[in-house]
Each structure stands twice: as structure tokens, then as C-alpha cells.
Amino acid sequence: MDDNIYREGGDKAIKNMAKTSKKAQTAIDKTSNLVYNTSMKNKTTKAFVFDFDETLAHTNAVVLDGTDDKFAEFNNPSTILNGTPLELMDLAKEVHEEGHSVFILTARSDCVENAISEFLLRFGIEAKAIHCVGINADVDVAKAKRTVLLSIIENHQIVYFFDDDERNIELASELDCRARKV
């Protein structure tokens, strides 16, 4: 009989511990959430979005008129790896070191994404994401870039966009971001 009382008491103790544990975990979760939300309210999240060609770097890639694939040079990773950094590379490095998000938004196709990443790493920059919107010659690059910018704007309080193309800047200027032509 004593064993049954002990077992019943043990079961109750285990149930009480489980309830206490759930309450404690809920309190921890609420506290963590409060701390996270409070720190995020006080922290401004900034994103710096850079075009690649003629914004962050100069490459020797050119449009090949009169060929079947006039953008073939833009799909060649060596044109990126042999590129020369431009003045904005210093800004990209600075904001990356400050902990802000750096994004690349290029009209190149995604076959050169790794080459862009490797190029940036030479300067100590690790892009949060490299968005390549140049799937083919039929893509409206400005509209594609605008769509990507919208998703970046949703996740950051302040977004800066740098590009060398006037139409890209025009469409970006309609959004809640600070667009600048270089």
C-alpha cells in the first residue's frame, strides 16, 4: 500500500514538475521575445543594395552584337574575377564591417553568382544575397530589380540602392528606398 501512495505521489510530483516546467519555459520564451523585440526596436536595420557592373566593379564584358548570344561575355565568370573595383567598393566594405546587410542585384545570370561572391570576398565583403535577374535577353531588368528590392525593403527599415542605369533608379525611386545613380 505504501508503494501505491509513493507511486501516486510520484506521478503527481512529475505532473507538477511538468506544469512548472511549461510555465517556466513560457516565461523564458516571453522574456526572450521581449528582449529581442526591444533590441530590434532600438536597432535600425539597414540594407545596402549594389548593382555589380559599373557600380561596384568594372569588367571587360561587352555586348556582342551580331552573335546568337550577345550576352555571352556576361555569363563568363572570368570577366568578373578579372574585374577592377570601383569607388563604391569602399562603401560596401565599410557598411559590411559595420554589420549592415549587403546585397548584390545584377542583370547578370545566376551562372556567375559564385564568381561575384569570390570577387567580393577578396575585399572582405560577404553579401547577404546575390540576386541575378538576367535570366535571358527578354527580361525587363528594371522591373525584375524592382521586385527584388520590394522583398529587401520588407525586411529592413532603411534600404539604399546604387545602380548605374537610369531606368533602374527611376523604378526604385517609386519604392520606399533611397536610390542613387552612380
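Good morning. A search of the whole structure, which is a predicted model, finds 0 disulfides. For those new to the term, a disulfide is a covalent bond between the sulfur atoms of two cysteines. Let us take Cys111 as an example. Cys111 takes part in no disulfide, and the nearest cysteine sulfur, that of Cys132, is 8.0 Å away. A disulfide requires the two sulfur atoms to be within 2.5 Å. Is Cys111 buried or exposed, or something in between? Cys111 counts as partly exposed, because its relative accessibility is 45%. Cys177, by contrast, is buried, with a relative accessible area of 13%.

I turn now to the salt bridges. How many salt bridges does the model contain? The count comes to 5. I shall describe some of them.

One joins Asp53 to Arg108, and the closest N and O atoms of this pair are 2.7 Å apart. Asp53 sits in the loop between β1 (46–50) and β2 (57–58), while Arg108 sits in the loop between β4 (101–106) and α4 (113–121), so the pair ties together parts that are 55 residues apart in sequence. Both Asp53 and Arg108 are buried.

Another salt bridge is formed by Arg167 and Asp140, with 2.7 Å between the closest N and O atoms. Here Arg167 belongs to helix α6 and Asp140 to the loop between β5 (129–132) and α5, so this pair connects parts that are 27 residues apart in sequence. Arg167 counts as partly exposed because its relative accessibility is 39%, and Asp140, at 28%, also counts as partly exposed.

A further salt bridge brings together the side chains of Asp163 and Lys145, at 2.7 Å from N to O. Asp163 lies in strand β6 (residues 158–163) and Lys145 in helix α5, so the pair ties together parts that are 18 residues apart in sequence. Asp163 is buried, with a relative accessible area of 0%, and Lys145 counts as buried at 2% relative accessibility. These two residues also belong to a network of salt bridges that links Asp51, Lys145 and Asp163.

Finally, I come to the largest pocket. Its volume is about 650 Å³. Which residues lie nearest the centre of this pocket? They are Phe71, Phe74, Ala107, Arg108 and Val141, out of a lining of 30 residues. The elements that give two or more residues to this lining are α5 (141–154) and α6 (166–173). Of these, α5 gives the most, with 3 residues. By type, the lining divides into 10 nonpolar, 7 polar and 13 charged residues.

Thank you for your attention.

Technical notes. Residues are numbered from 1 along each chain as its sequence is written. This is a predicted model: local features need pLDDT of at least 70, side-chain atom pairs count only at pLDDT 80 or more; totals for chains, interfaces and linings use all residues. Side-chain values use heavy atoms; hydrogens and water are left out. On a 1 Å grid over the protein atoms alone, a cavity is a set of points where a 1.4 Å probe fits but cannot get out, and a pocket is an open set with protein on both sides within 12 Å along at least five of seven lines; lining residues have an atom within 4 Å of a point. Grid points are joined across faces, edges and corners, and a volume is the space filled by probe spheres set on the points. Helices (H or I, at least four residues) and strands (E, at least two) are DSSP runs, numbered from the N terminus. Ala, Val, Leu, Ile, Met, Phe, Trp, Tyr, Cys and Pro count as nonpolar, Asp, Glu, Lys and Arg as charged, and the others, Gly among them, as polar. Buried means under 20% relative accessible area, exposed over 50%, partly exposed in between (1.4 Å probe, protein chains only). A salt bridge is a side-chain nitrogen of Lys or Arg within 4 Å of a carboxyl oxygen of Asp or Glu.
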